[in-house]
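Here are a few friendly notes on how the two parts of this protein chain meet. Please have the structure open while you read.

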Amino acid sequence: MKIRIKRDSGIIDYNLDLEDITLLEALNSIKTTQDSTLTYSSGCRSSVCGSCSMRVNGKEVLACSYKLKDGDLVEPLKNLPIIRDLIVDMDKAYSFNKKAKAWQSSLSKDIPLTPEDEKINELQSDCILCASCYSACPVYAVNGEFLGPFTLTRMWRYVSDKRELNKKEKIDDIQTNGVWDCTLCNECTLACPQGISSKVDIEKLRFKSSEYGYIDPSFSSGFGFGGTSFDGSPSF
Ligand code: SF4
Ligand code: SF4
Ligand code: FES
């Protein structure tokens with residue numbers, strides 16, 4: 001089978017005598033038997049470390065779980081600086097966690113969590129920091145200051161924790177280049193290998209923002225364009 005890989009020097013075709021393999025197995029085979037200069041990253045080989053994210057035929061995948069098909073075009077993630085071949089610099093995306101202070105600020109130890117409370121943000125805690133959602137996000141593609149999907153998902157994870165005492169402060173920190181800049185296009189959800197929907201988390205953060213008196217800036221500017229209700233449907 002043939003695999004096409006976009007490298008620093010351009011798209012290169014490789015032929016493999018293997019069938020029914022993952023993309024990572026194909027890359028390992030090429031590196032050990034054909035071209036030792038091919039560069040990519042991987043770690044766990046079991047979809048938990050997030051280090052092997054890349055794109056196949058324009059869609060974000062984890063190389064260790066994607067089953068290779070004949071003629072696939074493999075490229076690095078979009079919207080992040082390429083270090084070499086299929087390795088991108090994810091630090092820019094991770095830096096938004098720091099900018100938004102996406103962590104527990106003030107934890108009350110006196111408020112017990114029930115199993116139901118834990119379920120509220122269980123899924124968001126499963127993020128493996130693969131940055132696929134940043135690659136897929138059209139807003140981040142044009143605004144490098146947009147806090148982006150996983151940072152906003154992480155903010156929801158803490159805002160929704162009933163032990164967090166500084167919810168208002170957290171909501172304040174995501175008003176600029178944050179919740180209102182998202183177009184709710186859902187591309188991040190489709191790209192996420194963990195089934196996390198940052199789009200849905202952003203809708204919840206918008207609802208929470210409105211509880212603290214914030215309104216969609218597109219309404220306040222008088223244009224009334226782009227507003228959405230809690231369920232994501234247009235609101236007028
Ligand atoms: S829903 Fe929002 S965060 Fe997700 S990809 Fe679209 S614009 Fe980006
Ligand atoms: S939210 Fe999903 S796509 Fe985004 S970094 Fe986390 S695991 Fe990856
Ligand atoms: S190698 Fe860890 S997620 Fe693929």
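1. The centres of domain 1 and domain 2, taken over C-alpha atoms, are 28 Å apart. Domain 1 covers 2–25 + 36–87 and domain 2 covers 91–218, with bounds that come from an automatic or database domain assignment.

2. A word on the source: this is a predicted model, where local features need pLDDT of at least 70, side-chain atom pairs count only at pLDDT 80 or more, and totals for chains, interfaces and linings use all residues. Residues are numbered from 1 along each chain as its sequence is written, chains are lettered from A and ligands numbered from 1 in the order in which they are written, and side-chain values use heavy atoms, leaving out hydrogens and water.

3. How many residues are in contact between the domains? Domain 1 brings 13 residues and domain 2 brings 16, where contact means heavy atoms within 4.5 Å.

4. About 970 Å² is buried between domain 1 and domain 2, and carbon and sulfur atoms give 54% of that area. Buried area is the accessible area (1.4 Å probe) that two parts lose on being put together, summed over both. In domain 1, Glu60, Asn79 and Leu80 lose the most area to domain 2, together 51% of what that side buries.

5. Between the two domains, the count of salt bridges (a side-chain nitrogen of Lys or Arg within 4 Å of a carboxyl oxygen of Asp or Glu) is zero.
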